[in-house]
Amino acid sequence: MTKPFPDSPSYTGHDAPSRLEVDLFDVEIIGEPPRLPNGTWYRLGPDPQYPPLHGDDFFISGDGMMSMFRFTDGYVDYKSRYVRTERFLAERKARRRLFGDYRNPFTDDPSVRGKVDRAQVNTTAWWHAGRLLALKEDSRPYQVHPDTLDTIGRFDWNGKLRSETVTAHPKNDPETGEMLFFGYEAGGIATTDIAFCVANEKGELVREEWFQAPYCGMVHDFAITRDYVIIPVYPTIAKLDRIKAGGLHWVSDLSQPTWVAIFPRKTGVKDLRWFRRPGCHSYHVINAWNEGPRIYLDQCVSEINPFPFIPDESGAPYDPRKAATYPTRWIFDMSAPGDTFEERRLTNVFGDVPRIDERRTGAPYRYFYMGVVDPTKPIHKSGPVGGGFNHVGKIDVQTGKADLWYGDDNCGFQEPIFVPTGPGEDEGYVLAVIDHYDQNRSDVGVFDARNISRGPVATLRLPMRLRLAVHGCWVNAT
Ligand SMILES: [Fe+2]
């Protein structure tokens with residue numbers, strides 16, 4: 001490589017590209033060997049293979065790096081591999097970056113523009129019906145081999161999928177075995193098309209219905225309950241003219257309302273109702289459920305888009321206080337007319353990347369785990385969603401109480417995940433990558449989910465730094 005990475009925040013420090021494909025056999029375990037079931041923690045994140053085409057780019061604009069911690073009889077092995085997308089292979093052949101700015105195909109090199117799929121699939125490792133998928137919301141998935149992490153290829157449910165995109169936040173229904181998902185910009189870049197889809201327990205695409213959003217807003221996550229589908233649309237807006245002119249994909253316009261589409265799972269989008277509130281933002285749903293016509297939706301909500309690189313249409317400067325993502329409950333009454341809903345905060349701490357015991361997806365639940373930001377303590381990365389978590393937290397949504405662990409002034413955390421070891425909702429372990437900013441190195445903390453503040457019961461000590469992986473999943477060996 002003759003062109004170095006830029007000396008900018010997206011490419012330096014803990015966000016410096018790693019570019020390492022690793023096989024680390026028998027990871028060093030400090031403390032009690034965790035009594036986890038045999039299984040694998042898959043994670044996916046952006047790791048740029050080459051420097052940006054046009055000077056600088058966002059840290060999330062990187063090639064998908066799939067990694068896994070495999071737990072076998074008390075031992076742990078680690079592996080990471082790039083997802084060999086068409087884009088990755090084209091750039092590897094050229095030995096340079098060919099694709100332009102984040103979500104802007106009009107900035108691509110003419111040799112690939114409109115000719116090579118620009119999918120990076122760098123956000124979520126997802127498991128359904130025996131398949132490991134690499135997901136990013138602006139493109140279709142890639143399938144990856146669950147043992148070798150070799151790329152199997154682009155995945156579109158045997159050619160059945162019409163949507164050009166699939167969310168990085170599908171939901172697996174623990175009762176039916178279905179995977180429910182959606183795609184926005186489903187008909188192409190900056191379109192208002194949203195596709196809602198269902199794959200059955202065998203992994204066959206059995207349903208795809210489209211509807212129109214009020215504007216082309218960001219739809220990062222959604223929720224299901226036993227009876228309903230909830231798709232919130234936030235006023236972080238894509239405009240084709242701006243993108244065509246080489247501008248940003250996203251600009252936040254808080255003069256527009258936040259819209260929430262709700263429709264019954266049984267009858268689908270023909271019975272869709274829109275609710276609304278003043279403009280705000282959320283990236284991540286915690287969980288949702290319904291009691292008859294009353295729907296409860298819990299998510300991490302902020303007043304503005306919490307990513308500092310997404311500007312405000314009005315020119316308002318980035319305000320970290322307004323970017324704080326507070327766990328918040330929205331309550332909808334499907335038996336009442338109107339388009340408003342109730343709202344209340346669930347706890348006094350804020351943070352993001354919330355995860356629950358996924359056996360309770362779409363059902364009543366009590367606990368979730370997330371990266372927590374305490375602004376009075378050192379923060380090593382900006383924006384709640386881009387990291388910057390200085391605590392691992394467990395929140396009790398019945399009491400609002402937070403059980404927190406703070407490592408030290410030089411560490412931060414990536415997305416925690418819950419691994420059940422018994423039937424109880426918090427009976428199990430929480431796994432979270434601990435980034436040591438003073439050592440250019442990462443570990444994995446293994447926490448007792450019933451006592452987070454005790455600190456890790458075991459630490460998987462790694463000899464290298466793990467660049468941010470966005471989202472992962474746990475898959476039992478059985
Ligand atoms: Fe996400």
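The largest pocket of this predicted model has a volume of about 970 Å³. A pocket here is an open set of points on a 1 Å grid over the protein atoms alone, with protein on both sides within 12 Å along at least five of seven lines, and lining residues have an atom within 4 Å of a point. Grid points are joined across faces, edges and corners, and the volume is the space filled by probe spheres set on the points. The lining comprises 42 residues, and those nearest the centre are Trp-126, Asn-172, Glu-358, Thr-361 and Trp-474. Among the elements that give two or more residues to this lining are strand 6 (124-128), strand 10, strand 20 and strand 33. Strand 33 contributes the most, with six residues. Strands are DSSP runs of E of at least two residues, and helices are runs of H or I of at least four, both numbered from the N terminus.

Before I continue, a word on conventions. Residues are numbered from 1 along each chain as its sequence is written. In this predicted model, local features need pLDDT of at least 70 and side-chain atom pairs count only at pLDDT 80 or more, while totals for chains, interfaces and linings use all residues; side-chain values use heavy atoms, with hydrogens and water left out.

Let me turn to the metal. Which residues coordinate the iron ion? The donors are the NE2 atoms of His-169, His-220, His-284 and His-471, at 2.0 to 2.1 Å. A donor is an N, O or S atom within 2.8 Å of the metal (3.2 Å for Na, K and Ca), and sites may look incomplete because water is not among the atoms. Along the chain the spacing reads H-x50-H-x63-H-x186-H. His-220 lies in the loop between strand 14 (217-218) and strand 15 (223-224), whereas His-471 belongs to strand 33 (residues 471-476), so this pair ties together parts that are 251 residues apart in sequence. Both His-220 and His-471 are buried, where buried means under 20% relative accessible area, exposed over 50%, and partly exposed in between (1.4 Å probe, protein chains only).

A cavity is a set of grid points where a 1.4 Å probe fits but cannot get out. The whole structure holds nine cavities of 30 Å³ or more.

In one, four strands form an open antiparallel sheet in the order 10-11-12-13; two strands pair if DSSP finds at least two bridges between them. Strand 10 (171-172) and strand 13 (205-212) each have a single partner strand, so one side of each is left without a neighbour in the sheet. Strand 12 (residues 193-199) pairs with strand 13 over seven bridges, and Cys-197 stands opposite Glu-208. The other open sheet, also antiparallel, runs 20-21-22-23. Its edges are strand 20 (281-291) and strand 23 (342-345). Strand 20 and strand 21 (residues 294-302) share eight bridges, and Glu-291 has Arg-294 as its bridge partner.

Finally, the backbone. Most residues other than glycine have a negative phi. Val-121, however, has a positive phi of about 35 degrees. Val-121 sits in the loop between helix 1 (86-94) and strand 6, and its relative accessibility of 0% makes it buried. Asn-440 also has a positive phi, near 50 degrees. Asn-440 is partly exposed, at 48% relative accessible area.
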